[in-house]
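Thank you all for coming. Please bring up the sequence and the model, and we will go through them together.

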Amino acid sequence: MSEPQKTPLYDLHVELGGKMVDFAGWMMPVNYPAGVATEHKHCREKAALFDVSHMGQVELRGENVAGKLESLCPSSFRTLPEGKARYTFFTNPGGGIMDDLIVANAGDHFFVVVNASMRDQDINHMKRLDIEVKELSRALIAVQGPAAEAIVATHAPIAAELKFMQTALAEINGVEVRLSRIGYTGEDGYEISIPEDKVVEITRLLLEHPDLAPAGLGARDSLRLEAGLCLYGNDIDNSTSPVEANLTWAMQKKRREEGGFPGEERILRELSEGPARKLVGIKPEGRAPARRGVEVADGAGNIIGSITSGGFGPSFGGPISMGYVNADMAIADHAVTLLIRGRPHPATIVKLPFVAQNYKR
Amino acid sequence: MATYYTEEHEWLEVEGDTATLGITKHAAEALGEVVFVELQETGETFDKDDEIGVVESVKAASELYAPLAMEILEANDALEDNPGMVNEDPEGNAWFYKIKIADISELENLLDINAYKALID
């Protein structure tokens, strides 16, 4: 293994007391001295700042980029208006998910953000499209929470005009940045793409706001879990289909009707006949968190599924999980049993999310 | 009365052949906010390295292991109702067990305060 990489904010994380861990080959803060739960709640109540520079930022240019991207993803991009972003995923020939990503129409190009762990795979995948694929050397920070608009608009007034899933160029402190009203916490907020050599000064400037506190990967994970958002590698992967994962909302009608993407055979079949298993929320009734790998059983003790993400929801105030169960058992309020360290614990299947999403639509 | 430590970040305050057992302040800080504690029952006996409990924080689950052969004389059930105690007072009120040590010569294998401090530095 090569040495983990550092984002341009590494020194600032250390200065802020961040506990640095190797995540997908990057040294990232798992939490700061405030701790995961405090950082998490601060995001829900005010606003949190995350460094997500480990994610891959890519510019796509060339002829018919939108149409070519549609050959890799089951979403519509030809109809995506300029200034709008869309959640999507690359599917494989078996109908599984290779990675999930954000695609934005930036006018003269498409702007794509992919997961850190999948950067190389995704870039090689897109390079087969006969388009220009340029990986950007830029930092990416996320400002998330109900106070995010007030904080970001202090420096870039256009922030207040953007709606959820819109993107625009903006200026912060004389630096051109790309501002996208998007996130991974269930809260309103922005991701801001910033030149690497300017990100420290802009981050420091933003952090001067009394309502903004830094948060690490720990809070990022508990926030997205409460919001019912999938984590690639946990809740979705090469074996899970978008239908099983309840992600069909990201497949626009035309694509669902016409197909024309990898894995369409399975995906279209599951759309019409229903999938064998489904991703659901699972709420343990006791205090014990049910983490990834915990088996789910029915009343008779038959294994009907397993947990893919689980932990403690600081804002929810108790343990929460997501996992796949047989489709006939994927019914809200259905009682199930979790086998945590071999012992049965009662739990209930629930609708996601655990904490209401708070987007500015 | 003497206090011993383990490489698994547990402490034992020993009196004769009984001891109070908990996790160290260092362990509690590393875990972060503890949200769940699972304890074994009074009267159960364990060999060295057997799992004797689980501590879960917002971040992760960690097992607690028997530092030596032991029997549980009393479990601190208050921890199950109020897991946050582990962060507030790990080396005091948030003890996990009162135990009976099967063979006090096994204490020789544990660390003293200086050795433990060297370990965590």
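This is a predicted model: local features need pLDDT of at least 70, side-chain atom pairs count only at pLDDT 80 or more; totals for chains, interfaces and linings use all residues.

What percentage of the 361 residues in chain A is made up of buried residues? The answer is 50%, where a residue is buried if 20 or more other C-beta atoms, placed from the backbone, lie within 10 Å of its own.

Residues are numbered from 1 along each chain as its sequence is written, and chains are lettered from A and ligands numbered from 1 in the order in which they are written.

Chain A has 9 helices and 20 strands, these being DSSP runs numbered from the N terminus, with helices (H or I) of at least four residues and strands (E) of at least two. The radius of gyration of chain A, 20 Å, is close to the 21 Å that the globule rule gives for 361 residues, so the chain is as compact as a globular protein of that length; the radius is taken over C-alpha atoms, and the rule is 2.2 Å times the number of residues to the power 0.38. Along its principal axes, the C-alpha trace of chain A spans about 65 × 50 × 45 Å.

As for contacts (C-beta atoms, placed from the backbone, within 7 Å), of those in chain A with a separation of 6 or more, 67% come from residues 24 or more positions apart. One place to look is where A:Val36, A:Glu39, A:His40 and A:Cys43 in α2(A) meet A:Gly218, A:Ala219, A:Ser222 and A:Leu223 in α7(A).

Notes:
Two residues are in contact if their C-beta atoms, placed from the backbone, lie within 7 Å. A residue is buried if 20 or more other C-beta atoms lie within 10 Å of its own, exposed if 12 or fewer, and partly exposed in between; C-beta atoms are placed from the backbone.
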